[in-house]
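This report describes a helix packing and a sheet, taken one after the other. Please keep the sequence and the coordinates at hand while reading.

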Amino acid sequence: MEKVVSLCKRRGFIFPGSEIYGGFAGTYDWGHFGLALKNNIKQSWWKKFVDSRRDMYGMDAAILMNPKVWEATGHVANFADPLDGKQFNTMLKTSVGAEVDEISVSYLRPETAQGMFVNFKNTVDAFHPKLPFGMAQIGKAFRNEIAPRDFLFRQREFEQMEIEYFVKGEEWEKYFEYWRGEMLEWMEEVGIDMNKVHELEVPDADRAHYSKRTIDFEFDYPFGRKELFGLAYRTDFDLKNHKLEYIDEANEQNRGEKTIPHVIEPTFGVDRAVLVLILSSYMEDEKDGEARSYLKLKPNIAPVICAVSPLLKNKPELVEYANTKVYAPLKAEFGRVAWDDNGNIGKRYRRQDEVGTPWCIVVDFDTLTDDTVTVRERDSGEQERIKVENLKKYLKERI
Ligand code: GAP
């Protein structure tokens, strides 16, 4: 764990929040590469669960909500952890409005879910979806955790990717199974070490106040087996509490019939996804008689797809070629391309290995005469000569 935390800071992924002022517990700041990794994870999720489906509606609701929302959902009464024998509500309070006016207490949302439930009617009215259908949202959530700890695992400000999938009450079990499969499929696709993922059937006493059945997907972290993502059957709890219903307009037989749909909720913590992907891909081995560490990330998830280097940075003809004929066109095509001319080639490889860059491309003196470059693959360290004109195709085939 210490090695991973240190790599994240050294290589510009993740920094402790407000560090120059001594930090601020439960917060982290995202640097260029961590942000790229996080964005790739979110994109892969959105693509699978929203863009490639016909029954999913995206949302981006406000973080500040009318406090009546949190009364209706039972969060004001129940969203608490024990502290010194008393229950401590972990919603993060804030005051809204200028102090001269009446101050009203509000909360920074503790889950993105409610932003979707309160827009259930808007979504139905705007899109006329047939059951079953879902809403999906990626966004920040806040909890006044009593003991933030274990790096990104338990923070006070974090991000969630959530789906509220609305089904007919009698069909909940079928869709619960379906979403369990979808969740496992995405975890594998994105590159999580599935040997370390375990399902836990959460017992009655430990479930959230709204849930009739929950599976936690746990992960073997270096600090123990703990929750990664969750899948909950929320019944009609939320829609009922918000006094919302669904009127069936599509079905000939029961046109106009009112029902309260039931909800299956797959929920994913973005930060835990990042942490687990880094833990899953962190490798150590020996290359050229030297110990090295690297991140074995999939190319579509890695912060950088390839790094371009002139063999020597004090040879203008190499720099010019690398910059104009290799770096510029690859950067225009893929975006996530790095320029790296610092230190000797061995140092650059080590640095890119730690960032998880799958390919390093080097322009040398042969390039100037035959228009080929060296492409070095991260995991094997193997090198190939590739024609510059074929580089885009070479990379695209492998991403
Ligand atoms: N809407 C349901 C819900 O919020 P949860 O299990 O309380 O359920 C969902 O949270 C996910 O959010 C968790 O599985 C976890 O990945 C992430 N999460 C929860 N609390 C967190 C925290 N303090 N720091 C980082 N991630 C957290």
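## Terms and model

Two strands are said to pair if DSSP finds at least two bridges between them. The structure discussed here is a predicted model, and the description below should be read with that in mind.

## The open sheet

Five strands make up an open sheet with mixed pairing, and their order is β19-β18-β20-β21-β22. At its edges lie β19 (337-339) and β22 (383-387), each of which pairs on one side only, while the twist from one strand to the next averages 25°.

Strand β21, which covers residues 372-377, pairs with β22 in the antiparallel sense, and five bridges connect the two. Within this pairing, R376 has Q383 of β22 as its bridge partner.

## Packing of α2 against α9

Two packed helices are described by the angle between their axes and the distance between the axes. For helix α2 (residues 32-51) and helix α9 (residues 270-281), the angle is about 110° and the axes are 10 Å apart. Because angles of 65 to 115 degrees count as roughly perpendicular, α2 and α9 are assigned to that class; the crossing in which α2 passes α9 is right-handed.

On the α2 side, the contact is formed by L37, K38, I41 and K42, and on the α9 side by V270, A273, V274, L277 and I278.

Definitions and conventions:
Residues numbered from 1 in each chain as written. Predicted model: local features only at pLDDT ≥ 70, side-chain atom pairs only at ≥ 80, totals over all residues. Heavy atoms only, no water. Axes fitted to C-alpha atoms, helices over the stretch in contact; angles between N-to-C directions. Helix = DSSP H or I, 4+ residues; strand = E, 2+ residues; numbered from the N terminus. Parallel < 35°, antiparallel > 145°, perpendicular 65-115°, else oblique. Left-handed = near helix turned anticlockwise from the far one by under 90°. Contact = heavy atoms within 4.5 Å.
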